[in-house]
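Here is a friendly note to read alongside the model. Take the points in turn and find each one in the picture as you go.

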Amino acid sequence: MADADNAAKADLTQGVALDGIADGGMLAGLVDGEDVILARRGDDLFAVSASCTHYHGPLAEGLMDGDTVRCPWHHACFSLRTGEALRAPALDPLACWRVEKVGNTAFVREKVTAPAIEKMRARSAPESVVIVGGGAAGLAAADMLRREGFAGAITLISADAAPPCDRPNLSKDYLAGTAQEEWIPLRPPEYYAQQRIDLVLDARVALLDVEQKLVQLDSGKAYRFGALLLATGADPVRIPLPGAEDSQVHYLRTFADSRAIVARAASAKRVVVVGASFIGLEVAASLRARGLEVHVVAPDKTPLERVMGPEVGGFIRKLHEEHGVVFHLGQTVSRVEGSRATLSDGSKIDADFIVLGVGVRPSIALAEQAGLTIDRGIAVDEYLQTSGPGIFAAGDVARWPDPHSGSKIRVEHWVVAQRQGQVAAKNILGQRVKFDAVPFFWSQHYDLAINYVGHAEKWDRVEIDGSFDAKDCAVVYKLGKRTLAVATIYRDLQSLQVELAMEQGALS
Ligand SMILES: Cc1cc2nc3c(=O)[nH]c(=O)nc-3n(C[C@H](O)[C@H](O)[C@H](O)COP(=O)(O)OP(=O)(O)OC[C@H]3O[C@@H](n4cnc5c(N)ncnc54)[C@H](O)[C@@H]3O)c2cc1C
Ligand code: FES
């Protein structure tokens, strides 16, 4: 099949008629066996790798905007001139090729080293940066500090035992058994030494002294900082299940949590998942893929209803039921005796173990203790600066003024956390970049991905374009005349177009 695909692709070294590529268009082809896209913007031609450096999304099916291209799968954005990954979730650049125009024909020549990105755009860099939190935001910030040419000390402190990892994968392919262990770390072990990032693992910061500019671990060890980024993420909400042994109950936040569920699933036949939001449902899908009988227990009437409304929720419920998941909605687990769980309506389910996915709370204890302004999260301004001088916050902990909704919001999305980490890093270096990205998240259930752009906490109308049954639709969340958010199923290009229109304020 791959050979047949390749045979149909143009050999870009042999020349492509310029009339064959529209202005703002892309052509997928091959260069010495490698998949490359040839893109045109006015008189400028660019040739870059066709495969996104995040999860290999097909960039030719993405969206060009000026001299950038956005990936259709999770909205990474790359410079076509330099290949640089301008926006997460991709962190690594695309390969670039030289393009030569001869008359009306474009030839893709040799691979080129990307022109050196202008380094050290910093106006006022601190001597050292401490990042508390080794997750999406923390790693993206450390990465961006070095990319921007920061030469000072970077210390990345994480309460996790594992280096920063691809957290979204922990409930999806890794848990389903289709992603390998070595795909999960965001960076290989040697990266930290090469980038001179002092990675301190299994270490919890217990104290932040704003005046003295230091943080202290619970072991007593202290680190002074010039600038500080708080990227402490969120902790799973823990609810007591009367009668349950701790060893029966699993939560999912860390690599270790996911491994523990995988180990447990190996000898189990049946699981109860408590919670019908994203984590619970993704866990349900992945454990079905491992052949377990899965029962989802949740107080909600419809899965995902709070975030996505009853229309999407009903469709997702049907999808899971088609894959064999049994729902017990409007129920809670009232008691566990041995392997038997009793639900609030008195019905009983035998289960080898229980996974609780009932939401998270932002990890704000450190910021609270230090006296920083708290607003159901750590309050930050548009530059992601907290109320403490030289102290920034990013990711699941941060509540920021979102220019698109006009409200202060806090979200729990991977891409938002990474992009905030990147913007915070630039602001630590004095660049005064506003965080104005349109929120985006994706969720995966079996082979179905939902992409969501914007932010809708309350809406008064939902417009559905297309059909759930055909797995081809866009769901538009509106308040009055305003479009707050759009969820899409198998409409990746539309999702990118909506994101761009929202950025430009061009969506009513
Ligand atoms: C299983 C799973 C699947 C997900 N899937 C998706 C998805 O498909 N799409 C999506 O958009 N989002 C998804 N999310 C949400 C996404 O992962 C989070 O929004 C994102 O990780 C937030 O990044 P963060 O950097 O704020 O926090 P995290 O990535 O949670 O990192 C926080 C870090 O802070 C550390 N920490 C906390 N307190 C301290 C302390 N006092 N001292 C030292 N270190 C500390 C923690 O150990 C951790 O390393 C998923 C989350 C989970 C758990
Ligand atoms: S595959 Fe391109 S952003 Fe994920």
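1. Let's start with a definition: the radius of gyration is taken over C-alpha atoms, and the globule rule is 2.2 Å times the number of residues to the power 0.38. This model is predicted. For 508 residues, the rule gives a radius near 23 Å, and the chain has 24 Å, so it agrees with a compact globule. The C-alpha trace spans about 80 × 60 × 50 Å along its principal axes.

2. Of the 508 residues in the chain, 54% are buried. The accessible surface is about 21,500 Å², and carbon and sulfur atoms hold 49% of that area. Among contacts with a separation of 6 or more, 59% join residues 24 or more positions apart.

3. Now the charges: the chain has 54 positive and 65 negative ones, and their mean positions lie 4 Å apart.

4. On to secondary structure, where you can find 10 helices and 37 strands. Seven of the strands build an open, mixed sheet, in the order β1-β3-β4-β5-β10-β11-β2. At its edges are β1 (10-11) and β2 (16-17), each with pairing on one side only.

5. Look within that sheet at β5 (residues 44-49) and β10 (residues 96-102), which pair antiparallel over two bridges. Here V48 sits opposite C96 of β10.

6. Finally, is S79 buried or exposed? This residue of strand β8 (residues 77-79) has 8% relative accessibility, so S79 counts as buried, the cut-off being under 20%. Leaving out residues up to four places away in sequence, S79 touches D67, T68, E84 and L86.

Key. Residues are numbered from 1 along each chain as its sequence is written. Chains are lettered from A and ligands numbered from 1 in the order in which they are written. This is a predicted model: local features need pLDDT of at least 70, side-chain atom pairs count only at pLDDT 80 or more; totals for chains, interfaces and linings use all residues. Side-chain values use heavy atoms; hydrogens and water are left out. Two strands pair if DSSP finds at least two bridges between them. Helices (H or I, at least four residues) and strands (E, at least two) are DSSP runs, numbered from the N terminus. Buried means under 20% relative accessible area, exposed over 50%, partly exposed in between (1.4 Å probe, protein chains only). Contact means heavy atoms within 4.5 Å. Accessible areas come from the Shrake-Rupley method with a 1.4 Å probe; for residues, only the protein chains shown count as cover. Lys and Arg count as positive and Asp and Glu as negative; His and the chain ends are not counted. The place of a charge is taken as NZ of Lys, CZ of Arg, CG of Asp or CD of Glu.
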